[in-house]
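Please read the report below with the sequence and the structure side by side.

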Amino acid sequence: MKTLIIDYGLCNLDSVKRAVEECGGNPVVELDPQAASIAEKLILPGVGNFYDAMQRLRTSGWYEILQKEVLENKIPILGICLGMQLLATYGEEGGGIDGLGFVKGKVIKLIPETSDIRIPHIGWNEVRHYGNSILFKEIPSNKDFYFVHSYHFVAEEKETIIAMTPYCGQFVSAVESKNIFGVQFHPEKSQRVGFQLLKNFIHL
Amino acid sequence: MLKTRIIPTLLFKNYGLVKGVGFNSWRRVGSALPSIKVYNTRQVDELILVDIAATQEERTIDYEEIDTLADECFMPMTVGGGIKDIDDVRNILRAGADKVSINSGAIQNPNLISTVASFFGSQCVVVSIDVKKNGNGGYEVYSCSGSKSEGIHPVYWAKEVEKKGAGEILLTSIDRDGTMTGYDIELISSITDAVSIPVIASGGAGNYEHMVEAILIGKASAVAAASIFHFTQQTPLEAKQYLASKGIRTRL
């Protein structure tokens with residue numbers, strides 16, 4: 001069960017690695033895209049800005065390898081936070097750039113409805129799902145997960161949305177399309193429910 | 001709905017956890033790792049860890065120590081102490097912190113905030129602002145663990161750090177710190193009115209009602225506390241239950 005965590009120079013891979021370890025996932029953090037062939041699962045983490053992250057995925061060679069492993073070889077991938085956003089067709093953060101294009105949609109800034117709503121969206125908030133995704137197996141709907149972000153995923157195809165979260169109206173907090181999964185929250189920091197979600201992914 | 005967070009603060013000095021009063025007369029309160037393990041099992045919302053001696057001793061925080069702690073910390077963790085450039089931030093995030101808290105380093109070089117925000121994203125930049133009342137009763141920002149007066153007003157500084165790209169403000173009243181007499185609500189309100197990023201209130205919590213005031217009157221997005229958890233029987237979980245009974249949304 002090798003779970004490969006993609007290292008493209010942005011940080012905080014250690015907490016994802018530790019959480020995957022706790023969930024029985026045999027994690028490897030990997031800088032070299034050529035190593036992707038050993039992976040049974042891929043995790044695309046990320047903090048930082050969409051533009052820089054895409055540049056890094058391209059210059060490091062991960063971009064091509066991911067297209068091959070995810071689209072052709074159908075290796076399951078989980079994008080976390082910025083990693084979920086990078087799955088989109090396009091992201092406006094940092095000046096605007098094309099994403100990986102795995103899930104149709106774009107990533108735009110959260111707009112507060114009223115002046116007392118603060119951005120970034122930081123803290124614990126509900127994840128409402130409809131019980132039809134394997135990612136949320138044994139996780140009740142409306143459980144709190146930990147979020148920290150200013151941008152959100154706008155999905156073009158409704159059927160790819162598997163969870164929503166109420167903030168700035170409501171936004172898409174998880175997507176799924178075949179072997180591709182993305183979550184806006186941080187499962188590695190969301191304690192029991194987060195670990196359950198990681199287990200669900202690892203044992204797909 | 002986003003929940004209001006209760007955040008225990010752990011302060012380091014000379015390899016142990018300490019807690020003082022008014023940023024002074026530090027008492028040893030144990031070691032960090034067992035505290036983190038306890039907070040894990042109690043489903044604490046988030047943790048703040050600060051090495052309070054790093055800036056004054058002109059050194060960086062012990063990254064290996066942070067790495068060890070982060071490996072056991074399955075909740076969001078903000079780490080601060082002695083951060084003065086982007087390499088310090090990178091090392092702390094690499095060690096497993098989710099956010100960094102910058103105080104003196106941001107005052108010395110305000111562009112550090114924008115540099116870190118553009119590289120790692122605003123969401124991981126917490127700017128810590130320590131405030132004390134001066135002789136005329138006006139508020140003033142202090143750096144270097146409360147030892148150096150900066151001659152600037154916290155409202156001015158809060159707006160500046162927001163403009164530079166801070167994602168959150170950790171606002172501490174030095175006068176209330178460790179006194180357990182309640183948060184400085186006037187100070188908190190002045191900052192939450194001035195900025196639109198989340199503000200974490202810190203300094204003075206002695207009971208759960210103090211937290212309610214900081215949230216409902218002060219409009220803080222989160223409350224940090226140390227003495228109440230170190231020196232009394234009160235716990236983060238009970239605090240959340242109390243807040244919930246007052247109509248504040250918390251994660252239970």
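A:N26 counts as partly exposed, because 14 C-beta neighbours lie inside 10 Å; a residue is called buried if 20 or more other C-beta atoms, placed from the backbone, lie within 10 Å of its own, exposed if 12 or fewer, and partly exposed in between. A:N26 sits in the loop between α1 and β2 (27-30) of chain A, and its phi is near 50°, a positive value in a residue other than glycine. Helices (H or I, at least four residues) and strands (E, at least two) are DSSP runs, numbered from the N terminus.

A:K74 also has a positive phi, of about 55°, although it is not a glycine. A:K74 belongs to the loop between α3 (62-72) and β4 (77-80) of chain A, and it is exposed, with 11 other C-beta atoms within 10 Å. In the loop between β7 (105-109) and β8 of chain A lies A:P120, which is joined to A:I119 by a cis peptide bond with an omega of about 5°.

## How the model is to be read

This is a predicted model, in which local features need pLDDT of at least 70 and side-chain atom pairs count only at pLDDT 80 or more, while totals for chains, interfaces and linings use all residues. Residues are numbered from 1 along each chain as its sequence is written, and chains are lettered from A and ligands numbered from 1 in the order in which they are written.

## The overall build of chain B

Chain B contains 10 helices and 12 strands. Its radius of gyration, taken over C-alpha atoms, is 16 Å, close to the 18 Å that the globule rule (2.2 Å times the number of residues to the power 0.38) gives for 252 residues, so chain B is as compact as a globular protein of that length. Along its principal axes, the C-alpha trace of chain B spans about 45 × 45 × 40 Å, and buried residues make up 55% of the 252 residues.

In helix α3 (residues 86-94) of chain B, the residues B:D88, B:V89, B:I92 and B:L93 are buried. Seen down the axis of α3(B), these buried residues fall within an arc of 130° (the arc of the directions from the helix axis to the C-beta atoms), so they line one face of the helix. They pack against α2 (63-72), β5 (77-80), β6 (99-102) and α5 (111-120) of chain B, and α3(B) is followed by B:G96, whose phi is positive, near 120°.

Helix α7 (residues 185-194) of chain B has B:L187, B:I188, B:I191 and B:T192 buried, and these fall within an arc of 125° seen down the axis, so they too line one face of their helix.

## Where chain A touches chain B

Which elements give two or more residues to the side of chain A that touches chain B? In total, 26 residues of chain A are in contact with 32 residues of chain B, and the elements in question are α1 (14-22), β8 (121-129) and β9 (143-149) of chain A. The largest share of this side, five residues, comes from β8(A).

Key:
Contact = placed C-beta atoms within 7 Å.
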